[in-house]
Amino acid sequence: MSDAAVKQNTVFVRPASSFWGGETPVAVVVFLGLALLPLFAGGYPVYILPQYLLFGLLALSLGLLWGFAGIVSFGQAAFFAFGGYAMGLVLQAGLGPEGTWLAIAVATLVGGLLAGISGYFLFSAGVRATYFVLITLALSIIAEQVAVSQSQITGGWNGMFVDRLSLGFGPLGEVALYQDVAAYYFVLPVVAAVYFAARALTVARFGKILVGIRENEDRMEALGYQPWVYKTVAFSLSGAIAGLAGGLYASHSNFVSPSLAGVLFSTEVVVWVALGGRLSLFGALAGGVLVSALSNYLSSIAPQYWQLIVGLVFICVIVFFKQGLAGLFADLAAHMLPRRPGGQRHG
Amino acid sequence: MQTVVSVLFDVTLITMVLALAAFGLAIIYGLVGVINLGHGAMLTLGAYFTWAGIDAGLPFFIAVGVAGVGVGIVGIAFEHLVIRHFYDRPFDTLLLTWGFFLVSTEVVKIVFGTSFRNVTGPFPGAIDIGIYSLPAYRTFVAALSAAIIIATALVFFKTSLGIRIRALIQNREMASLLGLNIAATYKLVFAFGAFMAGLAGGLIAPMLSIDPYIGNVYLVRSFFVVIVGGVGQLLAGTLLGSFFIGGAETIIALFSSQVVAQAAVFFIAIVILRFRPLGLVGGR
């Protein structure tokens with residue numbers, strides 16, 4: 001009953017009917033552009049962009065959950081950090097270049113399993129969306145404290161060193177990602193692949209059922225779906241993507257520390273997605289990349305005022321622009337291309 | 001014997017201080033249904049306002065009172081500008097009050113800086129009662145907390161203002177048809193919750209070192225106090241929830257570290273929420 005009020009606020013957006021409609025062409029162009037970037041620029045941008053892309057992937061993990069299932073998690077950073085620690089621990093086991101694939105898989109699985117278990121525990125009891133936020137907030141506090149207190153494993157506040165990856169291809173040899181360009185051309189396709197897979201999932205039946213649950217959970221239940229199963233699967237997927245992003249981030253930045261699991265970072269992810277556009281996967285991804293990049297750049301110039309502006313913009317987005325930047329672009333596109341079907345509502 | 005008595009006193013003091021910290025949240029969440037993630041920031045503001053008041057030469061209790069009123073005014077401003085348009089969308093109020101936290105924290109950092117501040121409490125000593133000596137200031141705060149909660153409950157259950165507020169919670173449409181000013185009553189309740197949070201922040205300030213994130217410690221705990229106790233159960237819910245959260249943390253901390261205890265209590269609270277989503281008091 002209380003969830004009825006939650007639903008009122010989500011602007012109804014028709015699920016995209018085809019993969020190639022809507023945002024996909026934009027995403028293709030942007031990814032192609034990024035693929036060409038190292039030809040024109042080198043040095044710092046090529047070093048730092050993969051890290052922003054992985055923040056974008058973390059934002060996408062929340063966008064999938066928030067935009068399509070209508071669930072907000074304030075604990076995505078916990079999966080991100082645990083993915084990072086898992087990556088570090090498996091790499092430390094010294095399994096050679098072939099073991100790298102195992103490390104990537106374990107980082108993804110750790111995120112997915114943690115989310116799956118907590119999701120099953122909570123959604124099977126019908127825990128409300130508002131309580132879910134508070135519980136995930138508590139989970140990220142617990143995760144941070146676990147990371148701090150288990151210092152013999154995690155290194156405590158000092159964090160853990162994580163080596164760059166070296167991918168083994170059996171008899172074909174191995175590809176080391178110590179060079180920034182190599183790392184760039186590994187992270188970019190992974191982020192693009194996850195984005196397109198998630199995009200395909202949201203336009204498929206699964207995504208439509210999720211949107212149905214977001215719009216009216218009782219009706220979906222009456223139609224014979226079990227909402228908690230879909231919510232649990234969506235949350236697991238979201239946790240797995242966050243774990244993968246965290247594992248790759250830890251390896252790329254050579255470092256994972258408890259603050260990556262904490263409440264402040266978790267809620268930063270919420271801000272990225274809100275600004276980027278919670279109803280668009282590409283909006284969420286772009287929000288993560290752009291806002292984290294801007295934060296990093298501006299916090300060296302005007303550290304305090306930048307965070308203040310982010311907070312004020314966040315409130316304005318919730319009040320006035322439900323669909324964030326992606327919504328603004330969609331409006332703009334609708335004006336430029338009048339042949340689009342009319343009647344689209346934006347909050 | 002000595003340990004039992006000291007644990008008993010510890011648990012009582014922690015329960016009452018936690019109840020004080022959570023009370024503003026219990027009011028705003030329980031009465032007007034706003035999931036106030038800005039509660040922690042309101043506690044922080046209260047602590048800083050108190051520090052600033054003392055710095056300006058005010059006596060401690062006047063400074064705490066001014067801090068409470070100050071946070072109450074900030075609360076009214078926020079309610080008037082933003083929250084009042086969203087009472088029918090609880091999930092948006094959650095995000096908006098989180099935005100309040102982001103903005104308030106940054107403003108505190110800009111105005112007061114990020115270094116630790118200390119407030120000296122008015123009663124530095126201890127009360128010796130034979131087998132145990134109570135920290136005087138904490139004991140005073142615990143007693144004050146009990147007095148505040150009981151006084152609020154009396155207003156709520158015994159005055160016409162209380163009847164009006166309860167009528168609003170039970171049936172908003174009917175209450176407004178009977179001539180109740182909904183907007184004003186909601187604003188009053190929100191302001192009172194913010195005032196209580198500011199007061200609590202000021203009173204807690206001498207027990208801790210103040211930094212811009214001090215309220216966060218209490219934010220999640222306060223929520224668990226309110227939810228575990230039962231949303232809307234102002235008196236029994238807040239006390240029972242605080243007893244449960246504070247007491248469990250104290251007892252678990254006897255056997256392990258403070259960090260493990262906090263994580264364990266959060267975990268237990270999550271399990272309780274899963275099986276009793278209406279809280280321990282709210283049975284139906």
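1. Helix 6 of chain A passes helix 11 of chain B in a left-handed crossing (left-handed if the near helix is turned anticlockwise from the far one by less than a right angle, right-handed if clockwise). Helices here are DSSP runs of H or I with at least four residues, strands are runs of E with at least two, and both are numbered from the N terminus.

2. This is a predicted model, in which local features need pLDDT of at least 70 and side-chain atom pairs count only at pLDDT 80 or more, while totals for chains, interfaces and linings use all residues. Residues are numbered from 1 along each chain as its sequence is written, and chains are lettered from A and ligands numbered from 1 in the order in which they are written.

3. The two helices span residues 129-149 of chain A and residues 258-275 of chain B; their axes come within 10 Å and cross at roughly 155°. Axes are lines fitted to C-alpha atoms, for helices over the stretch in contact, with angles from 0 to 180 degrees between N-to-C directions. The angle therefore makes helix 6 of chain A roughly antiparallel to helix 11 of chain B (under 35 degrees is roughly parallel, over 145 roughly antiparallel, 65 to 115 roughly perpendicular, the rest oblique).

4. On the chain A side, the residues in contact include A:Tyr131, A:Ile135, A:Ala138, A:Ile142 and A:Gln145 of helix 6; their partners in helix 11 of chain B include B:Val259, B:Ala263, B:Phe266, B:Phe267 and B:Ile270. Contact means that C-beta atoms, placed from the backbone, lie within 7 Å. Ala, Val, Leu, Ile, Met, Phe, Trp, Tyr, Cys and Pro count as nonpolar, Asp, Glu, Lys and Arg as charged, and the others, Gly among them, as polar.

5. The whole contact between the chains takes 34 residues from chain A and 33 residues from chain B. Elements giving two or more residues to the chain A side are helix 1 (2-9), helix 5 (96-123), helix 6, helix 12 (263-276) and helix 14 (303-319). Helix 6 of chain A provides the largest share of that side, 14 residues. The chain A side divides into 25 nonpolar, 9 polar and no charged residues.

6. Chain A has 15 helices and 4 strands. Its radius of gyration of 20 Å agrees with the value near 20 Å for a compact globule of 347 residues (taken over C-alpha atoms; the globule rule is 2.2 Å times the number of residues to the power 0.38). Buried residues make up 50% of the 347 residues in chain A; buried means 20 or more other C-beta atoms within 10 Å of a residue's own, exposed 12 or fewer, and partly exposed in between, with C-beta atoms placed from the backbone.

7. Within helix 9 (residues 205-215) of chain A, A:Gly207, A:Ile209, A:Leu210, A:Val211, A:Ile213 and A:Arg214 are buried. Their cover includes helix 3 (44-69), helix 8 (180-203), helix 10 (217-222) and helix 11 of chain A.

8. A:Asn254 has a positive phi of about 65° although it is not a glycine. A:Asn254 sits in the loop between helix 11 (227-253) and strand 4 (255-256) of chain A, and counts as partly exposed with 13 C-beta neighbours inside 10 Å.

9. Chain B contains 11 helices and 2 strands, in the order α-α-α-α-β-β-α-α-α-α-α-α-α. Buried residues make up 50% of the 284 residues in chain B.

How values were computed
Contact = placed C-beta atoms within 7 Å.
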